[in-house]
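Look over the sequence and the model below before reading on.

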Amino acid sequence: MKTSLATAVCFCAMAIGTIACKNSSSNPETESTSSAAQQSASNNKAGDSATLTLPAGFSAATVAENLSGPRHLVVTPQNDIYVKLSDAKNGKGIVILHVDGNGKATTTGGFGDYGGTGITIKNGYLYASSNDDVYRYKLDANNRVINENQPEKIATGLTNKGMHNSKSLVLDNAGNIYVNIGAPSNVCAEQGNDKKGMQPCPILETAGGIWMFKADKQAQKQNDGVHYATGLRNVVGMDWNNVTNSLFVMQHGRDNLHNASPQNYTEQQSAELPAECMYELHQGANAGWPYMYYDQNQHKKLVNPEYGGDGKKEADASYIDPVVAFPGHMAPDGLLFYTGNMFPEKYKNGAFIAFHGSWNRAPEPQKGYLVAFVPFNNGKPSGNWEIFADGFTGGQEFMQPGKARHRPCGLAQGPDGSLYVSDDAGGTIYRITYHQ
Amino acid sequence: MSKHFLILLLLGCTSAFAQTKQTTTATGKQLYAQYCLTCHQEDGEGVPNMNPPLTQTSYVLGDKKKLIAWVLKGSGNEKVPIDGNTYSNNMPPQSALKDDEIAKILTYIRSNFGNKASAVSTAEVKAARETVK
């Protein structure tokens with residue numbers, strides 16, 4: 001599976017011209033990471049922990065196991081980790097762990113009686129989200145929450161219709177917090193006729209975009225926020241890029257192109273299309289959902305079949321172009337621009353992306369349960385995307401997404417520059433380090 | 001049994017004629033693969049937290065009218081808990097499928113993935129479709 005996955009990813013990434021694959025033979029040396037040398041992580045607990053493959057010099061360890069649906073996470077300079085759980089367990093939706101000198105984490109507390117995804121720290125506050133609201137907690141000098149039971153509610157009553165309802169969070173350096181509000185829909189089809197898209201799509205008024213709120217103002221409703229960017233089906237991974245001083249997000253592209261239009265898309269095409277896109281967003285940006293998708297092989301913005309597309313017809317040029325286009329359905333759930341000093345120079349200011357892995361590729365095998373890396377220079381990609389960490393599912397090829405025991409979700413940087421990865425399927429937190 | 005079968009066949013034919021469409025020659029398995037598999041998966045186990053399983057659920061094994069109505073209408077935009085769990089995706093309505101296609105698919109589901117429940121006839125789908133309209 002590793003070889004065929006690598007070859008498949010290589011193949012389609014080559015087509016979009018963003019990865020270095022030396023040749024397309026099945027020689028293991030054509031692994032898609034820049035460094036052909038791969039090495040196993042030291043985290044194998046007899047078939048339970050995944051054995052990760054990483055570029056030479058990197059190793060991974062399990063710092064915590066059996067957490068209940070860990071989504072995003074943040075690590076403090078004091079080596080405490082705040083982890084947001086998808087559902088509150090025993091009334092606690094945020095778990096606090098402390099990492100000791102041996103790289104093992106112990107649970108030291110928990111609070112917040114709500115499940116959710118978003119969590120981040122900025123300017124002395126911990127921000128966390130449920131699927132409806134955004135909270136913040138004041139931190140003391142050691143980045144410990146002062147009053148766990150009395151957060152300020154910053155934003156409240158955000159659109160939540162069940163589908164695509166997670167609310168990821170990130171702050172800029174000017175006192176604003178950005179929240180994604182996903183569209184509860186695949187492509188905004190008419191109720192009762194999933195082959196016909198609504199024009200205009202009414203969902204875009206209240207979802208399918210990014211909203212900006214004041215980071216220090218309480219009880220803001222969605223209408224009080226700035227509708228910062230639109231045309232984004234669903235975003236889970238987002239980060240602020242301090243080089244460009246702008247917002248970057250990862251969109252989850254649409255599903256089921258073959259079902260929507262069998263005459264224009266084979267099942268194989270439907271498994272690879274559309275691209276999962278990284279976008280840089282400035283105020284007013286429109287990424288074009290549900291009217292279009294990005295085809296990573298043709299490098300084009302194409303009209304969705306529900307809006308009259310046929311796999312060739314180009315969409316309005318005014319929709320923004322992606323910064324990076326990845327193969328379809330890999331479900332990017334975490335984005336982090338690396339600013340640490342532990343990893344080699346190549347990684348500085350580059351983007352790590354945690355891909356949750358696919359479910360919408362049948363009859364092709366599922367794929368994309370991995371952490372990818374894109375090098376950046378002066379705020380733009382300076383090279384091809386590559387697989388950074390792989391092997392979360394144990395290396396066997398499979399059809400059923402339920403077989404994936406570990407699925408990357410959140411990313412965080414430790415004070416020493418190590419990279420933390422959460423896995424919301426298996427409940428593991430990994431820490432990836434580099435040694436010369 | 002053969003009498004029963006004949007009636008089913010007859011009903012199937014009349015309803016197909018009524019729709020002035022040909023009955024499909026595809027099997028339930030093929031139709032399932034075409035219209036349901038991407039979400040509910042080859043083994044009917046679905047996708048954790050996202051698309052529910054079709055194994056031993058109260059919908060699949062329960063009242064046929066309710067099952068047919070569900071498949072015709074899809075999930076709509078409000079979440080319905082399935083046997084105590086919620087799933088994040090939405091199911092699109094399948095009303096564009098013909099009566100006999102839905103009958104074949106549901107018969108396939110109800111007799112596979114570890115399920116052992118009676119077949120669904122084209123007539124039953126036709127009757128249920130009237131009530132959904």
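How many salt bridges does the rule count over all chains? The count comes to 16, where a salt bridge is a side-chain nitrogen of Lys or Arg within 4 Å of a carboxyl oxygen of Asp or Glu. This is a predicted model, in which local features need pLDDT of at least 70 and side-chain atom pairs count only at pLDDT 80 or more, while totals for chains, interfaces and linings use all residues. Residues are numbered from 1 along each chain as its sequence is written, chains are lettered from A and ligands numbered from 1 in the order in which they are written, and side-chain values use heavy atoms, with hydrogens and water left out.

One of the salt bridges joins the side chains of K153(A) and D133(A), at 3.8 Å from N to O. K153(A) belongs to strand 11 (residues 152-155) of chain A and D133(A) to the loop between strand 9 (125-129) and strand 10 (134-138) of chain A, so the pair ties together parts that are 20 residues apart in sequence. Helices (H or I, at least four residues) and strands (E, at least two) are DSSP runs, numbered from the N terminus.

Between chain A and chain B, the rule finds 0 salt bridges. Contact here means heavy atoms within 4.5 Å, and 18 residues of chain A are in contact with 23 residues of chain B. The buried area is about 1700 Å², and carbon and sulfur atoms give 51% of that area; buried area is the accessible area (1.4 Å probe) that two parts lose on being put together, summed over both. On the side of chain A that touches chain B there are 6 nonpolar, 10 polar and 2 charged residues. In these classes Ala, Val, Leu, Ile, Met, Phe, Trp, Tyr, Cys and Pro count as nonpolar, Asp, Glu, Lys and Arg as charged, and the others, Gly among them, as polar.

A cavity is a set of points on a 1 Å grid over the protein atoms alone where a 1.4 Å probe fits but cannot get out; a pocket is an open set with protein on both sides within 12 Å along at least five of seven lines, and lining residues have an atom within 4 Å of a point. Grid points are joined across faces, edges and corners, and a volume is the space filled by probe spheres set on the points.

The second largest pocket holds about 1200 Å³ of space. Its lining has 42 residues, and R71(A), P48(B), N49(B), M50(B) and S88(B) are the closest to its centre. By class, the lining of this pocket divides into 10 nonpolar, 22 polar and 10 charged residues.

The whole structure has 6 cavities of 30 Å³ or more. The largest cavity has a volume of about 100 Å³. Strand 22 of chain A gives the most to the lining of this cavity, with 3 residues. The lining of the largest cavity has 9 nonpolar, 4 polar and 1 charged residues.

The backbone of chain A has some details to look up. The peptide bond from Q199(A) to P200(A) is cis, with omega near -5°, and P200(A) is in the loop between strand 15 (193-197) and strand 16 (209-214) of chain A. Another cis peptide bond joins L273(A) and P274(A), with omega about -10°.
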